[in-house]
Structures are given as C-alpha cells and as structure tokens.
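The exercises below ask for a careful reading of a multi-chain model, each with a task followed by a solution in steps. Please work through each task with the sequence and the structure at hand before turning to its solution.

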There are 4 protein chains.
Amino acid sequence: MAGNSIGKEFTITTFGESHGKYVGVVVDGCPAGLPLSEADIQVELDRRIPAQPKIVSGRIEKDVAKILSGIFNGFTTGAPIALIVENKEIDSSDYEAIKDLPRPSHADYPARVKYGGFNDYRGGGRFSGRVTVTLIMAGAVAKKLLSRFGVDVLAYTRAVGKVKADKKFSAEEIRKNRYTAATRCPDLACAERMEEAIVTARKEGDSLGGVVECIAVNVPVGVGEPLFDSLDADLAKALFNVPAVKGVEFGLGFRVAELKGSESNDPYIMQSGKVATLTDNAGGILGGLSTGMPIMIRVAIKPTPSIGKEQKTVNLSTMENASLSIKGRHDPCVVPKAVPAVESAVAITLADHMIRAGLIPKVLERQK
Amino acid sequence: MAGNSIGKEFTITTFGESHGKYVGVVVDGCPAGLPLSEADIQVELDRRIPAQPKIVSGRIEKDVAKILSGIFNGFTTGAPIALIVENKEIDSSDYEAIKDLPRPSHADYPARVKYGGFNDYRGGGRFSGRVTVTLIMAGAVAKKLLSRFGVDVLAYTRAVGKVKADKKFSAEEIRKNRYTAATRCPDLACAERMEEAIVTARKEGDSLGGVVECIAVNVPVGVGEPLFDSLDADLAKALFNVPAVKGVEFGLGFRVAELKGSESNDPYIMQSGKVATLTDNAGGILGGLSTGMPIMIRVAIKPTPSIGKEQKTVNLSTMENASLSIKGRHDPCVVPKAVPAVESAVAITLADHMIRAGLIPKVLERQK
Amino acid sequence: MAGNSIGKEFTITTFGESHGKYVGVVVDGCPAGLPLSEADIQVELDRRIPAQPKIVSGRIEKDVAKILSGIFNGFTTGAPIALIVENKEIDSSDYEAIKDLPRPSHADYPARVKYGGFNDYRGGGRFSGRVTVTLIMAGAVAKKLLSRFGVDVLAYTRAVGKVKADKKFSAEEIRKNRYTAATRCPDLACAERMEEAIVTARKEGDSLGGVVECIAVNVPVGVGEPLFDSLDADLAKALFNVPAVKGVEFGLGFRVAELKGSESNDPYIMQSGKVATLTDNAGGILGGLSTGMPIMIRVAIKPTPSIGKEQKTVNLSTMENASLSIKGRHDPCVVPKAVPAVESAVAITLADHMIRAGLIPKVLERQK
Amino acid sequence: MAGNSIGKEFTITTFGESHGKYVGVVVDGCPAGLPLSEADIQVELDRRIPAQPKIVSGRIEKDVAKILSGIFNGFTTGAPIALIVENKEIDSSDYEAIKDLPRPSHADYPARVKYGGFNDYRGGGRFSGRVTVTLIMAGAVAKKLLSRFGVDVLAYTRAVGKVKADKKFSAEEIRKNRYTAATRCPDLACAERMEEAIVTARKEGDSLGGVVECIAVNVPVGVGEPLFDSLDADLAKALFNVPAVKGVEFGLGFRVAELKGSESNDPYIMQSGKVATLTDNAGGILGGLSTGMPIMIRVAIKPTPSIGKEQKTVNLSTMENASLSIKGRHDPCVVPKAVPAVESAVAITLADHMIRAGLIPKVLERQK
C-alpha cells in the first residue's frame, strides 16, 4: 500500500517530483463553506523562501499556487481541493553525472533499491525538500480552517547549529516576528547570529541543522483518538514526514526522563472558572488527548546532507568505493524552510483531529 | 473515526480496559503458514512483569494469553488472530473515591471531557499502562514473523532517572541480557543502580522516568512508504501510543542539530560486497526508508504520574481547587514495563512495513 | 492488506471460524453514552435461528452473546466493544473425509489456493454462514444506535425459490411480522408456502435460494460520501459480504433498464412542508446520497451449495475427477438466516455513514 | 471522512467538477517499472465519446489527458501519477436559471442539503457523469498493468431500453467489436437497433437506460480479501459509484434465486490438468474469492434523468411546487458512455486486489 496520503477526515494526497513538471496536493474532507482563494495559499507559499538570498540555494523557486477544483463562488464546496505549483528553473544536468553515486545521508540509495531503479532521482525526486511545497499548500487550507475556530499554529526556529535562542517566547511575539528574519527566529538579534553561522558553513562547503519549535494555542480539550491515533502520535507521524527531521518531543520531551514525578507532573488549578495546569511540562497532551493547554513541540532538523566537501560513497553500477563532491544548488541549512513545513504538518494534523473529534462540523454554515 | 487499529497490512485492533473483564487484540493480516501457539504469546507476556516485586506495583497481574481464532493445526491460517487476557485481582475501590479529582498528568481530565463522562475511569480505563498487554501480544506475533526473515527487534533500558548506562551494547549483549535484570538494562551493574534509584523514589512517595532504546537488525533496504508512511514516521506513531512516551528520536536524534553536515553524514563504503555506511548517525533510516543498517531508536519515558505525595488538583464536580494523594498500587517507574511495549511497537510496525514493501509474502509456504 | 474490518467511523472487525472456539467482533467508533447490554445483543442473535426446526440444519447453535469490553455502568464508553459467542456442538468429522474434495459453489477451492492450504476448512471455516453471527452482533449495536435517531432497518423474505410474496408491505407490517414465521416473510400465508417449498427441497436432497428485501425508514437527507463512498456503493459492499448474495439492487433496480426517463424519474412535491417525491423508483438514493425517502434494497440469495445429491468435483490431492455427496448438517435454504444478516449489514453501513455525515455525534449526551 | 479515494493498494483519488476548470485523478500505488505515456491514457479517454454525434449530447468534450507526475523516462516510478483533463466548452448559463429547481432523479436536492448550499451545482458538479473521465484515466493505468499479467477486462452494452442483444459473446468477439458501434454492443446489427431506439427517445424529449455487462478473463484463483473486502463486494462498490447504476449482479445474479442448488452449483472438473468448472453460474467468484473462471458482471443503468419533457419539481427557495423542462445538452442514453466507465471500475478494483493478493509485485522489474 502506497503512502502518499495522510489524515482520516482532513485527508491530503500529494504528488510530484523535484524536477518533474508539477508538484501538487489534493485536500479531501475540508468542510463546505470556508472562504478560500489562491491568495490564501500564496501567502503561505511565499513564507517558504526567505527574502534574503544569502542563506538559500541559488535556485529561486518562485512558486505560484493554482487551485484546480473544489472552490465555487469563493467558498469551499465540500469537494476535493486540488492545488498545484509548476516547477520552473529546473536544471537536472548535475544529477545525471552522479546518478550512480548515492549522496551520503540522502535517500538516493534506499530509493534506488526500493523502486528497482525506476525512481526519478533528479534533485532527489520524491525525496526532495521541494515536496514540502505540497505540505504548505495543504497547510494553508488547514490553517484557514483552524483560525475560524480560534486555533493558531506557530512554528519558529529555536536553534541553528550551536546558536540557540534562549528566551521563552509569547504566542504574540512568535506570531509577529517568526517570518521577519530569514532564519525564522523570533529573537531578531539571535536570528542574525544564526544567519552568520549559516553563511560561514556555506563558505566552508558545509551545512548546519537546528531545532524548530511549534506551539498550537486554543486547541480544545479532548482532541485525539487513542489508542493508536493519539494526538501526539499523529503529530509525530506528520512531523517525521518532513524531510530532515530526526527527533520529535512534546513539552519537556527528553528532559523529563531525568525528573521525578513530583517535579514533572502538572498540577491542576481553577483559572477564571476553567480547569488549567500550573505548568505545561506535558506540552498540552496527556494520554494522547489535548488538555486545553498550549501544545508544545520540538523538532530536530539534521544538517543538509548535500555539501560541497568531498565525501566517501560507492558506485552502484560498479559496486566499488568512490568519492563525491556535490555541486548543484543547495541550501546550507534547511531549518528556515522547515519552519512553515512544520507549521503545516501540525495544522493539517490538528484540522484532521478536530473534525474527527466532532469539534469542526462538516458544513461550516448553511446558505439561505 | 475511532483509532483503536494500527497498521495497513499487519493490522491490530485492541480492546479492553484496565478494570474491565478482558483486554484483547485482533491481529489481521498475519500471513498464513506461521507456526504459532499460546506459549509463543505467553513468553513475551511474562517479560512484562519483572520477577522482582520490589520495583513494580502491588498488583501482580498474572496474565494468561488465550488464542480465540486464526490458528489451525498449529499454524496461522491467514484469518484474524484474536488474543485475550482476563483481568484479575481488580480492586476498583480506590478509584471511586477520586472519581471527580483528576490525577495530575494522567488522562483523567481530558478523557472525561472527550467522552462526556461515560469513560471507564477505573484504573485509567483505556488509558492505563495495562493496555500494553495487547500491544505485547500482537508484538509476539510480529516478532515471530520477523524472526523468520532474520529481523530481530531488541529494546532495553538506557536510563532510569539520572542513572544512565554509558556503554555501547552489541546486539548479542542486548539479546542475552535485556530481560535478566528487573530494570531491563543489559549492563547488569548499572541495572542494579537503576533498581536502587527506583526503590528510593518509591520510599519517597515519588516516581522516576527514563530512556528506552531499541535497535532492529537485519531490516532489508527500502522498507517504508514515503511521503506519509515513512518508516520513521510510522515507528514514531506507534511509539507515541505507548503510554508515558514524550520523545522519540532516530540515530543521533536531537544531538544532530548541533553538528555540521560533514560530521553527521554517513559515508558509504563497500563491505563484503555489500553497500554499508561507515557510521550510522541516521539510525538506519533515510528519507523514510530503511538503509540496511541497524535501526536505532531512543524513547523518553516520563515518571509515573501516580505518586503518593500530595498534589494540587481540582474537583470536576464542584469546579473548585482540591488536593489529592494517590493511594492505590502503582509502579514507581514504568520504564521496565515499557521495554517490551517499545519492542512490540517497533516489531508490529516493521512487520506491517515489510509486508507492505513486498518483502514478506501473504503465504509463507504452500502445503502439499 | 487483510479485509476483516469494514466502516470508517463505525468500524467493525470480525474474527473466528465455523469450527473454531469462538466467533467474535470488535465494534470501534460507537459513540459514548448509548445504553447497551448483553440482552440487546442476544435478542438479535436469537432471530438468526427460527424456532421451527423443520427448515434449518440439525446443528442447533444456541448462541450466547458475551460483551468483553467497552461498556461501563450500562452505557457505551467510546472505547471498542468486543463481543464473542462460543462455538458449541462442533462436529468436524464429516469434513476430514472430504478435505481434498472441494464442494461445488463453496469457497473451498479458491480458499485453499489463496491460503496455501493453511486455511481452516472445517465447516467452511471463515467462509461459513456462521460468521454472520458476528455481523448480527455488530448490527445489534448499530440498530440500537440508529433507533435513537428514529431510523429503522427492516429486512424480510420476498421470495423463496419460485414462491414469491406479491404484495407491497408497509413498514408497520414488516416490523410486526417479519420474525413471526420461520421463513421471515411478513405475508404469513405466503410464508407457509415458502416453508413447504423448503421442506420439499430438503426431502429431495436439494436446496433453494430466494430474495431478501430491506427498507430503511427515516434516514435523513444527504447521507453518503461520493464519489467513492456513495451510500448505495457502501450498502452494496456490505451486502455482498453476506454469504450467498449474488445480486443487489436499489429501488426499481434492473427493472429500470427497460423504462424511459419520463417513467422512472421521481417527481418532487411539497408534502406537509417538506420536500418529498411522488414515487420512490430510486429507492431513496440519488447520486450516492440519501434523499429522505425510504431506502429500498433487494438482494438475491443463491441456493445453499451443500446438497445431498451426488455432484461432480475433483480431488485436489490427486488432481483427478471425483464425485461427492455432502452429508453433514446443512440448511436447505439460507434465506431465513440471511434476513437478520441483511438487516445488520444495512444498519452497520447506515450507522457508519450517519456518523460520517455528522448526523450522529461522537458523544450522545453529557453526564452531570 | 470524505470519500474521494478508493482502493487500498492501487488507490485513486479524484477531483474536479463538471463546470470547473479541471477534472483529475491521482493514482497512488501503481508498481514501478510499467511503461506509461499520455497516449495510453488518451486512447481510453477517446472511447468515452462515440464518433457518431447522433446519440450523444451537443457538448463534444474533446478531452486531452495530461500527466503531471509519476512518470520518468517513460516508466512509472512508484510515485503517485497525477492525471488531469481541462474542461472546455463550458456553458453554465442554463444552470443558473434552474438553481433552485432540483431536477427529478438527479443529486441536486440531496447535494444541496448535504453541503449547505455551497456545492457547485453547475452541470451537476461532482455528481455529473463527467467525473467518469477521472475513472477512465485511472482505469487506463489499471488496464495496462493488468494486461502485463494477462488479465483482460471487457465491458459492452447488453441492452438499451427494451432492445436486448440475445447471444452469448466470446471474449474475442467483445474485444474486437465493443467499441465499433456507437452504442458499444458487440452484436453490430443489434447495436444499430439500439441506436435507433435512442434517436427515437431523444426526439420524444425522453431518455433510455440499459444493461452493461463486463467480463474479466485470466484472473488468477484466490483474488479477494474476505470477510469484508470480498472481490464481488469491492467490485460492486466500485460499480455503484458509476453514475446511474441501480443494480449489480454476478453470474446468474437474480436469476439464481429461482433455481435449486442442483441446478445452480458449478461442478468441478479437471481440464488440461487444471481445475475448472463445467458451468460458471457463480460468475467466477465464490466466497468473495476469484475461482479462476471468467468473472461475469451485469450492471443496470437508469435512463438519463435530464429530459426535455416537463416534470414536476419544487422550488427550494420558496418551498412551493413548481415545474421544470430541462434544456441544456444531455445524452438521451448514458449506456454507451457507461461502458468504458464500467470497464475502468472493474479494472481498478482488480488491479487493487491482485496487488493485495501478492499476485502483482511492487516493482515489475529491476533496472540494471
């Protein structure tokens, strides 16, 4: 069974390759009656590429979102929404040369084995970060839907390599600043240091990883479908499908392992007539269900595996050791591009689960 | 859509509550022709409860596995395999008293909201660690199936609170020692220190968390179904459904965020005529596909939220602040019980994905 | 991917074989807050076996329903409901003798090929009419749920062999009479003639088929999820999974093929302030959506393939022609037993789709 | 949960409306290594519109298939294949006028209720026969895949209104003639009489229905996943999703209800060393599994509900009785267009189930 769909109520199916003609996504299950336009998609898509060209690849992918179906008179109809972006500026020449030389820590080698050599290897094909374009388009629909129910999903860069933002950010601060700096860190001074680190790595023919955080505020209590479609489980699943993610944690995450129960438990307290917790070490999820507190997620992003430095590899045609120096156009750090992708993955999962929980209806309103 | 099933080829559906009559699981999609008996299930089930009573709850759940269907003449038939365990020694008296007082960092509160108050709250109901019994029974089937294809899944305790095992373990060492000590750490000296830490926490009316690691060896190249059913994504999903898990990472995990690409990339090399990597920082998965190298997973387990110490909570009936001191019988640390649950979650996911990849056939052999 | 589950919101998973220890079913997705007891299941189960022993097999399967999970204080909890029946009076001796001789028009031969010879062939195993016990148990839950929303599902026998009931039945008449006569025909005089036909066929060592009809009243407008989960499509799918069904039609069904549009169209008319149709040739479904008019389904049931008369077959061990005379205990006509199975299949599908359409909430009420 | 996808291994997701910009489909799960071009899709698409304009609607939809993804160097890659057709010659003016007047026996009324009035009602929107374009494109992929394994799916017209072809057709005859005549009947003389009947109906401002038959030859033994994904169940589900289908039967279908078991059973016999049956009353399926004999399906198609004659309806805005005479461009009989749609629905289902049964591998061959 192929795996290019995700979600059980708000279901998205993606298609397209890095160097193919189009990348696209079909969103099935968006309730009828949501105002939606190509501009709504475009604004999110534009967040993928920072304005400053210093820290991204030479390939400036000006992506234009196009809606093929599912909208009538400016509203969703309940029918599937197909969204595409045409791939432009494709230069596949670099890839032909290294077809038999799998790039270390890329999917080249296992993909070739899995698909019997038929996979489109150009630019990583289906395994390219380019596919996050489809995630972001679907995420734009999810975010518009969630916003109608007061839910806001906010991702931002916490760390790039060894440069870390230390302070706690308020939702307001993140909302306002996260797409201001090229590195997507709401602490704008720190954002600049991150940018310098990336520029340095690029000069060295090297690359950097980092940490992206994401909060979701105003998620109602009881979202999630344990045992096996727990909210954290489905969020983690969506996030590990974002290229380069190697770790996902909620609330205190791995830090909780060293604490005692009396230190990590979140005591309940009545707050303005509502049940709240004094701390949110759980990251807003208990037993796979949302608690009503902010959901807090941290995601580890690995350094871009495409680097200029020479690396050891093997020649899959001759089955001999070889070496490789990757030319092409590559981002020295994918963390900034990962920010909207993480935001989208979280929004898509929340939209799906809020519909599943019966908290978003199938028709948002009824026309006269 | 309810969420009590997981897996698309090797699909399991669980049922049962902590203080209900039975817990059970239906395994659908196990290929025909696998020898399977109740003893195969029992041996894994017995690993859930360490022999030493010092570090587990007073409730000694002697669980007896029973096969209801799907086996004929000692072999799987291709029909669904239903497995149950009767719940014994149930004492629900403690729970009636605290019905309106949600235990901090348990699912009590969100579950009550989600199910309108109809959920079986006794002992945590569906949210109890007791449901891992069903995971382990299904995992026993998955492990037997995988072993036929040379795949071995091995989980063990890496840390309990601040006590950590430092050394790198070989598969052989883990296989041999992981169920020897009550704390499931293959380093038996360290295992003893972990036990002491747990005993101390229990005396203090407190609890501990820890880290469980799991490796899977001999997984063939190309297992996983990106974009959205990536192998790591589905492993993470299964693992976050194990109660108390707050973080999941592969290979270097969060540590990779600080490295450069030249440090974290795994160079390819020919090894005995096969493609291998010099390091396994990726944890055996790239682009959502297995690479043929050992899969390496780390899981953060939070401290048991049920502690004897007095905690703040609220009364959901009066909507006033309250306090709570949990009596009952509780494990001061669930890490040891989490080990076979993690092993099972990983095995179930791998069995599912190896069938999906066409690497395990629907019928294992043909009778004359 | 194995196929022992059906439904996307109200999902059932069955297990068990004709001559195994148990048959059972897990119902996942039943909303919380529905009163449900073993007696509710038992009353439907008892309808499977007509009181008169003349027209059923010698095997009098006294089936006792047992609930393993999912009920607390007499209400559904939102957790999966597991239901089992123990198989009694199993006599497998007849089957050993004919193990290599596939019974004509039974699943013996394709099942043996599919499962490599590992399938439990005794009594037809998974392919026995006995598995409808699990359908009926799940159907009992679905019917109780639907009744809360005013929806009633009523199946009955329209024809047995060449004996047909000619008159149009009102819902009231069907509701009252359908389980009165052993042959499940609401026209009690006709029911008697059907019984005579069955008794005659049995004496001849032969068997009969027939036609079962099913209506569903008070289904709201707009139930169904086109394109591919159209209401009629999913009803047909569920019905073809009832053993012995060879045809399914809605409204006029095949008779519509000979009519003109002006004859078969159902004109709209206002009726007591509501939109209705003057005729219901469509059987209550248009474009895969319910119209609010009664849903009307007809199902063709083939004659029991197990007959006493000698039949040609082949020996699968020697691969030579052979002959076979089936002894054992067999119903000379499965139409009466098919009636509650059809009713259940329709009820399960409607429950599933009413939840999908948002017309049944996830929690039926909220406890104080 | 929305329902615009079907299939579990060979999964298709459709999008697009009759008067929207595009209709399209994403095929996920087609094995890698199948040669596929736009011409392969186009040839099937062209079969939808008979060359003779007499019996089809004035709207001559010249549909041009375009592949957006999933093909590389002329072969499928294992990635999803997105296929679209641009809608041209759209004239929606007729529909605005009758927006509030639901056409009898169309989906207009239930769709309006279901989607709160937001559905695209122009030309029937998602409920138009136009969506079969997407079925046919996906069917073209399925047929090409099946043909590699010797499986051929052949649909044809058996009856139009009261004009019926009486003779039994050989696979060869169907293969050769079915797309010769505009009415898609392999008996070319009968095909002409069908055409005359359609022309007459059109003149009368009326419409006709009919019967489409479909055979599938060389399907291996054991395809199908009972209990609930039985082969006949999934074929019926796919077929009822073809617009205008009101009945589906296999083999003798409803005729079997009047026979005795001794008349309807298919005796086994050895034939050239293989197991065969003397008759094929079962239509090639027993217990939900293919038997290796030809699969034989009959489908009832209702008359086009859009007719010129005046009909009763209601005004949904004023909630008063009204009348309606449909102008626009409509096929007086959709049977000819249904033929390739039926063929596609059957092919898609068989491709899905042959992969599920492990009879089609995930990679068709391996490149050097």
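A residue is called buried if 20 or more other C-beta atoms lie within 10 Å of its own, exposed if 12 or fewer, and partly exposed in between. The model is a predicted one, and local features are considered only at pLDDT of at least 70.

**Exercise 1. Chains A and B**

Task: describe how chain B meets chain A, how many residues of each are in contact, and why the copies can be said to meet through the same surface.

Solution. Begin with the totals: 95 residues of chain A are in contact with 95 residues of chain B. On the side of chain B that touches chain A, helix α7 (residues 231–240) gives the most, namely six residues. This side of chain B comprises 46 nonpolar, 28 polar and 21 charged residues. Next, look for strand pairing across the two chains: β11 of chain A and β11 of chain B, each of residues 245–250, pair in the antiparallel sense over three bridges. One pair of bridge partners is Glu249(A) with Gly247(B).

**Exercise 2. Chains D and B**

Task: find how many residues of chain D are in contact with chain B, and what rotation superposes the two chains.

Solution. Five residues of chain D are in contact with five residues of chain B. The side of chain D that touches chain B is made up of three nonpolar residues, one polar and one charged. Chain D is superposed on chain B, with an RMSD of 0.0 Å, by a rotation of 180° and 0.0 Å of shift along its axis. The two copies are thus related as by a two-fold rotation axis.

**Exercise 3. A sheet and its helix in chain C**

Task: give the strand order of the open sheet of five strands in chain C, and say which strands of the sheet helix α4 of chain C touches.

Solution. The order is β1-β2-β3-β7-β4, and the pairing is antiparallel. At the edges are β1 (5–6) and β4 (66–67) of chain C, each of which pairs on one side only. Within the sheet, β2 (residues 11–16) and β3 (residues 22–28) of chain C are joined by six antiparallel bridges, and Phe15(C) stands opposite Gly24(C) of β3(C). Helix α4 (residues 132–147) of chain C packs on this sheet and touches β2, β3 and β7 (81–86), while its direction makes about 35° with that of β3(C).

**Exercise 4. Packing of two helices in chain B**

Task: characterise how α7(B) packs against helix α9 (residues 335–356) of chain B, including which hand the crossing has.

Solution. The geometry comes first, with the axes of α7(B) and α9(B) 9 Å apart and an angle of about 140° between them. The crossing of α7(B) and α9(B) is right-handed. The residues that meet include Leu231(B), Asp234(B) and Leu235(B) from α7(B), and Val342(B), Ala345(B) and His353(B) from α9(B). By class, the residues of this contact divide into eight nonpolar, two polar and one charged.

**Exercise 5. Backbone features in chain A**

Task: locate the cis peptide bond between Pro226(A) and Leu227(A), and decide whether Ser272(A), which has a positive phi, is buried or exposed.

Solution. The cis bond joins Pro226(A) to Leu227(A), with omega about 0°, and Leu227(A) is in the loop between β10 (210–217) and α7 (231–240) of chain A. Ser272(A), although not a glycine, has a phi of about 50°, and its place is the loop between β12 (268–271) and β13 (274–277) of chain A. Since 5 other C-beta atoms lie within 10 Å, Ser272(A) is exposed.

Definitions and conventions
Residues numbered from 1 in each chain as written. Chains lettered and ligands numbered in written order. Predicted model: local features only at pLDDT ≥ 70, side-chain atom pairs only at ≥ 80, totals over all residues. Contact = placed C-beta atoms within 7 Å. Helix = DSSP H or I, 4+ residues; strand = E, 2+ residues; numbered from the N terminus. Nonpolar A, V, L, I, M, F, W, Y, C, P; charged D, E, K, R; others polar. Pairing = 2+ DSSP bridges. Axes fitted to C-alpha atoms, helices over the stretch in contact; angles between N-to-C directions. Least-squares fit on C-alpha atoms with pLDDT ≥ 70 in both. Left-handed = near helix turned anticlockwise from the far one by under 90°.
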